[in-house]
Amino acid sequence: MDPLIELKDLEYAYPYASPALSDISLCIQKGEKIALVGSNGAGKSTLLLTLNGMIRPDKGTVTFHGKPVSYDRASLRKIRQKIGFVFQDPDVQIIAPTVWQDVAFGPVNLDYSEEQVQQAVSDALHSVGLEGFEKRPPYHLSGGEKKRVAIAGILAMDPDVLILDEPTSMLDPAGSEDIMDLLDELNHQGKTIIISTHDVELAYPWADRIILMEKGRIIASGTPEEAFSDKELVRRARLKTPILLELSQELKSRGMKTPGTLPRTVLDIIRIIEHDHHGSIRLSDNGYGTIHVGDVDLISGPQIQAILARTSCDTIGVMGSRAKICARQWGLTPDISYAVIDKCILQAMNGRTSLILTTGGMVTRVFERVTLFNQTNNRLIPVRSLIGSDKPDDLSGT
Amino acid sequence: MFAHDFLEEAAQHNALLQVHPYTKLLLGIGSIILVLFTPNYIVPCFLAVTLSSVTILLAKINLKFYLKLLGIPLSFAFMSALIIIFLSEGVTKIWSIQIFPWFTLTVTEESLNHGLHIFARVFGGMCALFFISLTTPMTDLFGIMKKLKVPDLFIDLSMIIYRYIFIFMEKARQIYLAQQMRLGYTKPREALNSYSMLFGSIFITSWDAGEDLIHAMDCRCYNGKYAKMITYNPVEWRSLSAVSLYLFIIIGMILWTSG
């Protein structure tokens, strides 16, 4: 497959400074989730800025869709529409006095018609979960909301690639998880996502590919397991090994057998430990707990509440911005809002019932993930789809 | 120094936010114009009381905040009115005091009326002005400017200025706090020094912010356009007719009191 973006032998130096980028070659495929990881001043932001033509490299070429990027005004506009860039500080990016005007900034400058602008803005606000914020001035928003406005402003231009410079650096942990969940959702809709971060715990389970940077150079590029396993590389990049990886390395050095892949989530590590215990550590008396999946577009608030009143659900998880809004409107307090499927599988293995609320395509994703888990691990975790009907306790299987 | 109880902050939360800005502007600007035609202090006082009650009772603006706000212009107006009362000419003498052999302060009926009238006009006018600024946030006014065909350049600039006032205010507050923590304002000389440093860093910050702004706009394909379509709730006939009725009553009162 042809790469979406290709960088070849890039070099760049800021005036009167040592080289910021040297000898950078990189291929980015469509639909990838890439995390650029490195210490402060490793050149992450500079590299990201070369991707949409904000910085013109001194040497080397940037290719997008097989064509070299040219730096005249018209081509730059085109590439910046296709490759959206979200700045680290939302206060830098938000330029208009109200949320609506800010999100409309891109579409208006792309000469959309009035209806198209309206549509693009409401779609973008919808997908980041900020409906009803149109008239708010930005200084009234929380950090997470500002970040969402910044992302919506880029989404409104319908880019293929989303670049986010340190998306979680100014957010609290819950806000960070929300943003990462949103990025997952956008990736699921087909957008290629590239972030920079120095939070290894965040990047490790999230990314498809990790690119480690040190002093303007790429020192490793590969799956998170590969990139973070090499202690020497991690040390050079001034990072630390993700705690799960470290744990599994320590277990291995103590003679515990680790089957196949290295763990990326708590679920993986539980599996490894279970494997060593020949099967399961402990299953509750009634076997596996069921995972119920509800589509918030097909089911109403009262129905969910009626179901919850009759059946005992130990955990409620929400996936995606729309499901989060619905849960809030229906007065549900979700227990999990990030890495929902894995956490629900963990619950199920422990004999607990859980309910996942989500939308459209994500429902199938839950089924696929659980079925795959069942197949690869010889498990029989039941997963059922909730269908909204007049009879509130109708938990029909699929 | 960095009061966070901005007018704008109050306006964003007022209870009349959903009313169409045209209606509110008609009431505010109409009152300001009418107050100029009043013959004596009765109508302006009536305007001041009614507009204040609308601001406090209908727009739900905090009474203490409102009085504090009104206190600033009224204290100036009070002093000016005093000077007019004591110094302007008149026939019917009410009271006088000789301070120096060559300087006498005299209050006449004419000067008293004149002073009271000026004070009442300022009072009424300020109430009308505060009614506008406390019920109609700037963000709504940008749309009105667009509808009134104000040049785009002017609106765009004022929108950018509006956006950055809050950012610079916050920055200034942070620097001020940092200086205070290191005892930057303990001695007058030091205070002067710190104050100049504060403004120096704000200047540099604004310079940086300007460059960032250009980058941010470039990143989003800036082509000389700024989104301005702002939607309002439709003009409500009920509130609009109430406002018109009110203004007609004021006109009637003016005619009656001057007749």
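User: How many bridges join strand β1 of chain A to β4(A)?

Analyst: In this predicted model, local features need pLDDT of at least 70, side-chain atom pairs count only at pLDDT 80 or more, and totals for chains, interfaces and linings use all residues. Residues are numbered from 1 along each chain as its sequence is written, chains are lettered from A and ligands numbered from 1 in the order in which they are written, and side-chain values use heavy atoms, without hydrogens and water. Strands (E, at least two residues) and helices (H or I, at least four) are DSSP runs numbered from the N terminus, and two strands pair if DSSP finds at least two bridges between them. Here β1 (residues 5-13) and β4(A) run antiparallel and are joined by 5 bridges, with Glu6(A) having Thr63(A) of β4(A) as its bridge partner.

User: Which strands stand at the edges of the sheet?

Analyst: The open sheet has 4 strands in the order β2-β1-β4-β5 of chain A, paired antiparallel; β2 (19-28) and β5 (67-68) stand at its edges with a single partner strand each, so one side of each lacks a neighbour in the sheet.

User: How are α2(B) and α5(B) oriented to each other?

Analyst: Two packed helices are described by the angle between their axes and the distance between those axes. Axes are lines fitted to C-alpha atoms, for helices over the stretch in contact (heavy atoms within 4.5 Å), and angles run from 0 to 180 degrees between N-to-C directions. Helix α2 (residues 21-35) and helix α5 (residues 109-135) of chain B pack at about 165 degrees with their axes 9 Å apart, and are therefore roughly antiparallel (over 145 degrees).

How values were computed
Parallel < 35°, antiparallel > 145°, perpendicular 65-115°, else oblique.
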